[in-house]
Amino acid sequence: MITFHSEATKLRRALTELNEGLLVAPFECPERVDLVLGRVREVGLSEVRSPTRYGLEPVLAVHDACYVEFLASCWEEWKAIGMAGEAIPNIWPSRSMPGRRIPEHIEGRLGYYAQTGETSICANTFEAADISKDIALSALVHTLKTGEPSFGLCRPPGHHASSDQFGGYCFFNNAAIAADQALKHGRSRVAVLDVDFHHGNGTQEIFYARDDVIFVSLHGDPLHCFPYYLGHANETGSGRGEGFNHNYPMPPGTDYAKWSTALDDGLARIRESGAELLIVSLGVDTFERDPISSFKLASEDYLDMGRRLAGFGLPTVFLLEGGYAVEEIGINVVNVLSGFDE
Ligand code: Q9C
Ligand code: ZN
């Protein structure tokens with residue numbers, strides 16, 4: 001195992017998250033990185049390396065150019081017109097006004113490019129997202145070159161980011177960017193397995209009509225859980241992508257006995273697809289004491305998860321997604337990775 005990390009991921013330090021009708025300190029905070037890195041070092045999991053910079057080309061291969069431009073300038077534009085706080089969207093092109101024209105005012109553009117209202121844009125958001133995707137790509141390249149597993153300590157996370165929208169704490173879809181680059185490095189089919197508590201709606205959207213990336217997501221049932229509007233079992237792909245999207249929605253309270261059954265089924269789908277590389281969107285917000293989620297996985301379950309993934313036998317890249325402000329996020333992430341390495 002090798003870990004890729006950069007202190008620059010911590011440059012994004014939002015002050016606000018709209019939660020339960022209040023502006024609170026964000027769950028997706030820079031301290032998460034220290035908790036995970038601390039545990040990587042404590043157990044001597046692996047060498048820790050700095051990422052290589054890859055620029056925006058791999059980003060533009062999966063994200064809309066105007067969206068990327070928006071992210072690059074949003075904070076400056078927001079400040080320039082004298083907005084008092086962080087950039088928080090409050091109006092969207094919704095069902096009754098689909099809004100095909102992109103507004104000029106930053107408030108309108110912010111809503112146009114936003115899925116959700118909890119994720120504030122602040123100073124260095126773009127810079128942190130940019131280095132986060134470099135971490136993902138560095139992990140990918142290491143695994144492609146050596147066959148060894150790698151862990152990208154990505155922050156901000158990525159799996160909610162769609163081709164042209166941010167949300168759910170995500171800006172660039174690190175796993176999607178890595179999967180797409182793996183194809184450009186000559187792999188003919190790649191799997192993204194998303195074990196975060198929340199449905200990976202962004203990754204699903206990006207690859208929905210494609211058969212070169214198979215997407216499998218295990219998550220809280222969208223009837224009850226964020227992101228609510230995507231992630232049902234009958235979303236199986238479109239066109240040539242039909243059969244290359246598999247969702248395993250599970251009810252609040254799901255424990256590892258049930259969860260791991262879905263994992264085995266999802267892995268069987270990946271096996272059938274003939275994928276040559278496994279990218280794991282590794283969220284540990286399935287943990288029983290996660291502050292914003294409702295599954296019941298225990299710390300030792302993550303060791304078993306890692307063992308099962310190792311048993312699957314594909315070259316594997318782990319990319320950090322969610323998992324929130326509890327001491328155990330370090331333990332749980334590193335349990336998956338150590339279980340894999342056994
Ligand atoms: N009351 C990831 O795990 N909703 N994103 C929070 C809290 C947003 C999660 C609601 C959850 C986003 C990467
Ligand atoms: Zn999550």
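Two residues are in contact if their C-beta atoms, placed from the backbone, lie within 7 Å. Helices (H or I, at least four residues) and strands (E, at least two) are DSSP runs, numbered from the N terminus. The model is predicted: local features need pLDDT of at least 70, side-chain atom pairs count only at pLDDT 80 or more, and totals for chains, interfaces and linings use all residues. Residues are numbered from 1 along each chain as its sequence is written, while chains are lettered from A and ligands numbered from 1 in the order in which they are written.

**View 1. Helix α1 meets helix α10.** Let us start with α1 (residues 31-42), whose axis comes within 8 Å of that of α10 and crosses at roughly 50°. Axes are lines fitted to C-alpha atoms, for helices over the stretch in contact, and angles run from 0 to 180 degrees between N-to-C directions. Angles under 35 degrees count as roughly parallel, over 145 as roughly antiparallel, 65 to 115 as roughly perpendicular and the rest as oblique; α1 and α10 are therefore oblique to each other. Look for Arg32, Leu35, Val36, Gly38, Arg39 and Val40 in α1, which meet Ile329, Gly330, Ile331, Val333 and Val334 in α10. By class, this contact of α1 with α10 holds seven nonpolar, two polar and two charged residues. Here Ala, Val, Leu, Ile, Met, Phe, Trp, Tyr, Cys and Pro count as nonpolar, Asp, Glu, Lys and Arg as charged, and the others, Gly among them, as polar.

**View 2. Helix α9 beside helix α10.** The axes of α9 (residues 299-312) and α10 (residues 328-341) come within 6 Å and cross at roughly 30°, which makes α9 roughly parallel to α10. Among the contact residues are Tyr302, Leu303 and Met305 of α9 and Ile331, Val336 and Phe340 of α10. The residues of this contact of α9 with α10 divide into nine nonpolar, six polar and three charged.

**View 3. Helices α5 and α6.** Helix α5 (residues 125-146) packs against α6 (residues 174-184) at an angle of about 35°, with their axes 9 Å apart. On the α5 side you will find Leu137, Leu140 and Leu144, among others, and on the α6 side residues including Ile177 and Gln181. Eight nonpolar, three polar and one charged residues make up the contact of α5 with α6.

**View 4. The open sheet.** Eight strands line up in the order β4-β1-β5-β10-β9-β6-β7-β8, with parallel pairing. Two strands pair if DSSP finds at least two bridges between them. At the edges, β4 (47-49) and β8 (245-250) each pair on one side only. Strands β5 (residues 150-152) and β10 (residues 316-320) are joined in the parallel sense over three bridges, and Phe151 stands opposite Phe318 in β10. Helix α8 (residues 256-273) packs on the sheet, touching β6 (190-194), β7 (213-220), β8 and β9 (277-282).

**View 5. Around ligand 1.** In this view, 16 residues surround ligand 1, and the closest are Pro157, Gly168, Phe226, Ile292 and Gly322. A residue is near a molecule if its C-beta atom, placed from the backbone, lies within 6 Å of it. The shell around ligand 1 has five nonpolar, six polar and five charged residues.

View 6. A cis peptide bond joins Phe226 and Pro227, with omega about 5°; Pro227 lies in the loop between β7 and β8. The bond from Arg155 to Pro156 is also cis, with omega near 0°, and Pro156 sits in the loop between β5 and α6.
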